[in-house]
Amino acid sequence: MASNQEMNLPLRLLVDKEKNRVVVGEASGDLVDILFSFLTLPLGTIIRLVSKKKQVQLHDEAEEIGCINNLYQSVQDFGDGVFWNHICKRMLLCPRNPCEALCQKLKLKVDDTEPMKYFMCSKGCRRGGDWFLSTFAEASCSCGKLMDKEMKLHGDSSEKTHENGVFVKGETMYLIFDDLKVLQSSPGNSVQQLVQLGYKNFHNLKEMSLNVGLKEILELLKHALTSKSPLSDVFLGNGESKRMCIFKPKLRPHNQRGVIYPFDINLKVTMRKSKKKILYAEAEGDFVDFLFSFLTTPLGSILRLLHGNFFLGCMNNLYISVTDLNPSWLTRPSSTPLLNLRVAPQFGCRRHPTQLCEGDTPCYWYGTGIIKNNICYAIGNGVISKEQSLIQRAAAMKLFDPRSPDGTRESAVGFVKRPSLFVVWDDLQVTPLANTSSISFLQKLNAPLDDLEEHEVRIGETEALNLLGTSLTSKAALTEALLYLLKNTKEEAMA
């Protein structure tokens, strides 16, 4: 079988000769599956994959998406001592795809994250009578040894897929438009769409047949984040079209401005009055963990949270296409994971002001050296599988949580150590404040001291969503997301 780098998928294009623009493409479900898999990628993975572009075209700069790149770079620049352990840093730089098992079945694997593996303590230790399982070989057992004994997973029934497709049925054909809108391929759809685009005949159109490999897929991913015409940009060499990254922050409703919710986060921000700009925020671990959790969040989750108020290149069209497809064309007609994506288990933020949460942690059982996922479901339904018969006196296992010093789920605090203090700049660069001279810090601001004004604000759901949106569309995320809070504070003080 061809390797991931050698595999190619056919794509047929209909091109407007005069405008040198792709009108529509036609491809099988195998290619559409790959496009839809973009929605499952966490932002940290997207940044890493887009940055790989420099390896293909050395003179091109890596594409910047708002200021989310600064968050990723901040994690890269931090020493391991800022985090609970070195695993936490790796989790943020290489976050887990919530649909990893499904995406492993794609004909071209876009996500280069290492597949999940399972480990136990080589000494067979228990803690409080419980077996512990880790998905990281570097985790430390309570005995002081590494949990580096790799175990084999059996019977992962939760990720069974149809043989002819991953998200959509692979044996059917689909129409892919220049803005990545996807429709079922049929003569009726083709006629309707071509007429809507202004084409009454094929006089100005020509056909192109080409093969799409991993290089082209990564280019499509890059252009789909910013461009309105990624097919033309990539396959016709039109370069970058007009950027399409829009987000309009919302204001917290007046009837909620005095209400405090359990996951709200307090934040101290400093603005420059003359420029009406937030320079930086002094933040504790909860706020920094919240920002870093953007990196572990799948793109599809963000599109769902900010739906109707957020446009990121053509990615919205991919998401809408999934919702509009006839369910019979999906491999999971009643419950496609693309419309309900959550952060992978253990990769979330403990205090998250939005409704975004981690996926459910699977059940793991252990017996005679075999690990079984979802065996509790099989037992509960009286079903005896071949894998289950291999397990004698199966015992429930606890999943080691690398975000806490001792690995217990209950004490998982976040990614960065507590107590800790950070500076978050307007463009979301994050720097630790430990051993930093406040006098030197103020001198580097190069701003009149009487032009600085400090405010305390509260980050609730509205502000959290604003920050998420501006992180992907703006170079001044704090100002665009939070400045209205400072104006309200001033008005209330004067009233």
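**Figure 1. Residues 375-384 in the predicted model, a stretch with pLDDT under 50.** Where pLDDT is low, the predicted coordinates should not be read in detail.

**Figure 2. Residues 54-61 against the confidence of the chain as a whole.** The chain has an average pLDDT of 85, with 85% of the residues scoring at least 70. Over residues 54-61, by contrast, the pLDDT is below 50. This stretch makes five contacts in the model beyond near neighbours in sequence.

**Figure 3. The contact of helix H2 with helix H4.** Helix H2 spans residues 43-51 and helix H4 residues 68-77; their axes come within 10 Å and cross at roughly 90°. The two helices are therefore roughly perpendicular to each other. From H2, the residues Leu43, Gly44, Ile47 and Arg48 meet Ile68, Asn69 and Tyr72 of H4. By class, the residues of this contact comprise four nonpolar, two polar and one charged.

**Figure 4. The largest cavity and its lining.** Six cavities of 30 Å³ or more are found in a search of the whole structure, and the largest cavity holds about 70 Å³ of space. Its lining consists of Cys121, Cys125, Arg126, Arg127, Asp130, Trp131, Phe132, Cys141, Ser142 and Met147. Strand E4 (126-127) and strand E5 (130-133) are the elements that give two or more residues to this lining. E5 provides the largest share, three residues. Six nonpolar, one polar and three charged residues make up the lining of the largest cavity.

Definitions and conventions
Residues are numbered from 1 along each chain as its sequence is written. This is a predicted model: local features need pLDDT of at least 70, side-chain atom pairs count only at pLDDT 80 or more; totals for chains, interfaces and linings use all residues. Side-chain values use heavy atoms; hydrogens and water are left out. pLDDT is the predictor's confidence in each residue, from 0 to 100. Contact means heavy atoms within 4.5 Å. On a 1 Å grid over the protein atoms alone, a cavity is a set of points where a 1.4 Å probe fits but cannot get out, and a pocket is an open set with protein on both sides within 12 Å along at least five of seven lines; lining residues have an atom within 4 Å of a point. Grid points are joined across faces, edges and corners, and a volume is the space filled by probe spheres set on the points. Helices (H or I, at least four residues) and strands (E, at least two) are DSSP runs, numbered from the N terminus. Ala, Val, Leu, Ile, Met, Phe, Trp, Tyr, Cys and Pro count as nonpolar, Asp, Glu, Lys and Arg as charged, and the others, Gly among them, as polar. Axes are lines fitted to C-alpha atoms, for helices over the stretch in contact, and angles run from 0 to 180 degrees between N-to-C directions. Angles under 35 degrees count as roughly parallel, over 145 as roughly antiparallel, 65 to 115 as roughly perpendicular and the rest as oblique.
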